[in-house]
Amino acid sequence: MLAFFMMTHPAGAIVPMSRLLLPLLLVPFLLASTPLEADETEDSLCRELLTEADGIFEERTTAGRAREALELYEKILALDPNFAPPYWRIARVYLWLTTYEECEEEPLPLLEEGIAFAKLGIEKAPDRVEPHFWLGALYGRYAEIEGILQGLHMLPFIRKQMARVIEIDDTYLG
């Protein structure tokens, strides 16, 4: 009966089985207490608002819907500033506003806002593909508006982000 509770350690010593199994039994508790990833949140309201904002952004071709989504994404960040997805989604909205929606505002400040949010998204989740993609796209739009010389100046920044996109997920299409 004693042999059932004893095991041979890889180093050759005979040890009680409980000493070898104890670390395995603790794994679920250790995993449960690990900090959240940047693209996770404990706040169920944030998750609900994110789903709602994404649905509104899907209707972005309807006047004002992209801005409504933007307001909800910003509300989520006010609730949980460490939650990464709203950052790149805000960057995406700013690109949309300066590209497709009739923008009565000067586009460069909107692009600069989008770039700032994409960079914050990268800070929060550097291994997520989305903030890199949208930062590269915003740089490209900025270069397009500013003209050929600015476009040439922005090329290394665009390439850097798109290379990172390919490195993370070469199938990502935005």
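## Helix 3 against helix 4

The crossing of helix 3 and helix 4 is left-handed; that label applies when the near helix is turned anticlockwise from the far one by less than a right angle, with clockwise being right-handed. This is a predicted model, where local features need pLDDT of at least 70, side-chain atom pairs count only at pLDDT 80 or more, and totals for chains, interfaces and linings use all residues. Residues are numbered from 1 along each chain as its sequence is written, and side-chain values use heavy atoms, with hydrogens and water left out.

Helix 3 covers residues 65-79, and its axis comes within 9 Å of that of helix 4, crossing at roughly 155°. Axes here are lines fitted to C-alpha atoms, for helices over the stretch in contact, and angles between N-to-C directions run from 0 to 180 degrees. The two helices are therefore roughly antiparallel (over 145 degrees; under 35 is roughly parallel, 65 to 115 roughly perpendicular, and the rest oblique).

On the helix 3 side, the contact residues include Leu-70, Tyr-73 and Ile-76, and on the helix 4 side they include Ile-90, Val-93 and Leu-97; contact means heavy atoms within 4.5 Å. The tally for this contact is 12 nonpolar, no polar and four charged. Nonpolar takes in Ala, Val, Leu, Ile, Met, Phe, Trp, Tyr, Cys and Pro, charged takes in Asp, Glu, Lys and Arg, and the others, Gly among them, are polar.

## Helix 4 against helix 6

Helix 4 (residues 85-99) also packs with helix 6 (residues 129-146), at about 25° and with the axes 9 Å apart. So this pair is roughly parallel, and its crossing is left-handed. Among the residues in the contact are Trp-88, Ala-91 and Leu-95 of helix 4, and Trp-134, Ala-137 and Leu-138 of helix 6.

## A look at Leu-95

Leu-95 sits in helix 4 and is buried, at 12% relative accessible area (buried is under 20%, exposed over 50%, partly exposed in between, with a 1.4 Å probe and protein chains only). Leaving aside neighbours within four places in sequence, Leu-95 touches Leu-111, Trp-134, Ala-137, Leu-138 and Arg-141. Its C-alpha lies 9.1 Å from that of Ile-115, 20 residues apart along the chain.

Mean pLDDT (the predictor's confidence in each residue, from 0 to 100) is 82, and 77% of residues reach 70 or more. Residues 1-10 fall below 50, with 17 contacts in the model beyond near neighbours in sequence. Residues 15-37 are also below 50, with 15 such contacts.

Methods: Helix = DSSP H or I, 4+ residues; strand = E, 2+ residues; numbered from the N terminus.
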